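This report covers the interfaces of the structure shown below and the confidence that goes with them.

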Amino acid sequence: MTAVLENSAAPDATPEVGAVPSFDVTLRIRRFNPEASEAAAYWEEFTVTAYGTDRVLDAMHKIKWEVDGSLTFRRSCAHGICGSDAMRINGRNRLACKALLKDLDPSKPITIEPIKGLPVVKDLVVDMEPFFASYREIMPFLITSGNAPSAERLQSAEQRERYDDTTKCILCAACTSACPVFWNDGQYFGPAAIVNAHRFIFDSRDEGAEQRLEILNDKEGVWRCRTVFNCTEACPRGIEVTKAIQEVKRAMITRAF
Amino acid sequence: MPEAPAGTLYRGREGMWSWVAHRVTGFLIFFFLLVHVADTSLVRVSPEAYNVVIGAYKNPVMGLAEAGLVAAIVFHAFNGIRVMLVDFWSSGPRYQRVMLWIVLGLVVVTMAAFLPRHLMNVFGGGH
């Protein structure tokens, strides 16, 4: 940036033109060490200097790399694609890599907790297995019959549009772990599994809709949804989760008669 | 096991609180119906006992509780329609928040029509 060039010419000039403002931010993190003699969750506060362009994940990196290396959390791409750093930030499920610190009012401590409803393994890492088990159960793959065509399976733009919204899912579990029904009943398939079922049920190329609807027409299937809308609010990809669940419910009713 | 300090309450938005309110009002209505069936069926056992029980309800505290009961039923009824629209009207999920404000508006209007008359009866201003 040109500002950097100007500064290097006059190093004493303050304040730096074009510099990103920095501020101190306190993160209040819910920690849990399974190896401690008295394994119980506790709150720990860390104060670090952050910049206006920093996300919550940047501040957490700073803690892990410079203050306390034992702080444990998942992250891979750090750009909102891999879906591994879903956590409860200021009481709501978000991706730490997508939540800008300055949008969260950094003048007050920012609370960070693991997502709810899944067993905590350590600090912010939860056991995702129940979540992925539900995902596998709805058969998230193309089901067809007969011989495979020699060319691609064609689909019109309208047919593709029908399930476009639910193709965006990154399986971060922000929706499922925002659902009060899932907190109280871990057997419930949860929004994410239903979203991924929706992605195939409404795909014109797929022939497994009936099987998937059969699976979700369970006591613990779509009918557990109480339209709380926490999933829709929590989805970092902006998927209209409740709408997808509602469409699966309606498909179940209309296709049955 | 040592006690862990409490976590924070999930900060859900209108959808979550409308669900909580629906649950709470549903619960209250259920208990009212339980009592209601019990005291009404008393008339078959002994009309005198029935009169005593119903007479016991005629005091300001029960009058206010009745107002609360009506408010709970009105909310539960209108919000129930909203929940059905969310499920069966294709644009329902998109307008759930607007529909909640409409529900609350209808509750206020209904209660505004009901409360003056009811409170007059309870506190003896009317007749």
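## Salt bridges between the chains

A salt bridge here is a side-chain nitrogen of Lys or Arg within 4 Å of a carboxyl oxygen of Asp or Glu. In this predicted model, Glu233(A) and Arg97(B) form such a pair, with their closest N and O atoms 3.2 Å apart. The count of salt bridges between chain A and chain B is four. Polar contacts across the interface of chain A and chain B come to 17 residue pairs, both residues of a pair being at pLDDT 80 or more.

## Composition of the chain A side

Sorted by class, the side of chain A that touches chain B holds 12 nonpolar, seven polar and 11 charged residues.

## Extent of the chain A and chain B interface

Contacts involve 30 residues of chain A and 28 residues of chain B. The size of an interface is often given as the accessible area lost when the parts come together. Between chain A and chain B the buried area is about 2600 Å², and carbon and sulfur atoms give 54% of this area. Of the area that chain A buries against chain B, 21% is supplied by Arg92(A), Phe229(A) and Glu233(A), more than by any other three residues.

## Domains of chain A

Chain A is divided into domain 1 (2-126) and domain 2 (129-145 + 157-254). The centres of domain 1 and domain 2 of chain A, taken over C-alpha atoms, are 30 Å apart. Their contact takes 12 residues from domain 1 of chain A and 14 residues from domain 2 of chain A.

The area buried between domain 1 and domain 2 of chain A is about 1100 Å², with 64% given by carbon and sulfur atoms. Asn93(A), Lys116(A) and Leu118(A) supply 45% of the area that domain 1 of chain A buries against domain 2 of chain A, more than any other three residues. Between domain 1 and domain 2 of chain A the count of salt bridges is zero, and three residue pairs are in polar contact, both residues at pLDDT 80 or more. The side of domain 1 of chain A that touches domain 2 of chain A has six nonpolar, four polar and two charged residues.

## Confidence

For the complex, the predictor gives an ipTM of 0.85 and a pTM of 0.87. Chain A has a mean pLDDT of 92, and 93% of its residues reach 70 or more. Over residues 7-11 of chain A, pLDDT stays under 50, and the model has two contacts beyond four places in sequence for these residues.

Chain B averages a pLDDT of 91, with 96% of the residues scoring at least 70. Within chain B, confidence is lowest in helix 2 (residues 47-56) of chain B, at a mean of 90, and highest in helix 3 (residues 60-88) of chain B, at 95.

Technical notes:
Residues are numbered from 1 along each chain as its sequence is written. Chains are lettered from A and ligands numbered from 1 in the order in which they are written. Side-chain values use heavy atoms; hydrogens and water are left out. Contact means heavy atoms within 4.5 Å. Buried area is the accessible area (1.4 Å probe) that two parts lose on being put together, summed over both. A polar contact is a pair of N or O atoms within 3.5 Å; within protein, one must be able to donate a hydrogen and the other to accept it, and residues adjacent in sequence count only if both atoms are side-chain atoms. Ala, Val, Leu, Ile, Met, Phe, Trp, Tyr, Cys and Pro count as nonpolar, Asp, Glu, Lys and Arg as charged, and the others, Gly among them, as polar. pLDDT is the predictor's confidence in each residue, from 0 to 100. Helices (H or I, at least four residues) and strands (E, at least two) are DSSP runs, numbered from the N terminus. Domain bounds come from an automatic or database domain assignment.
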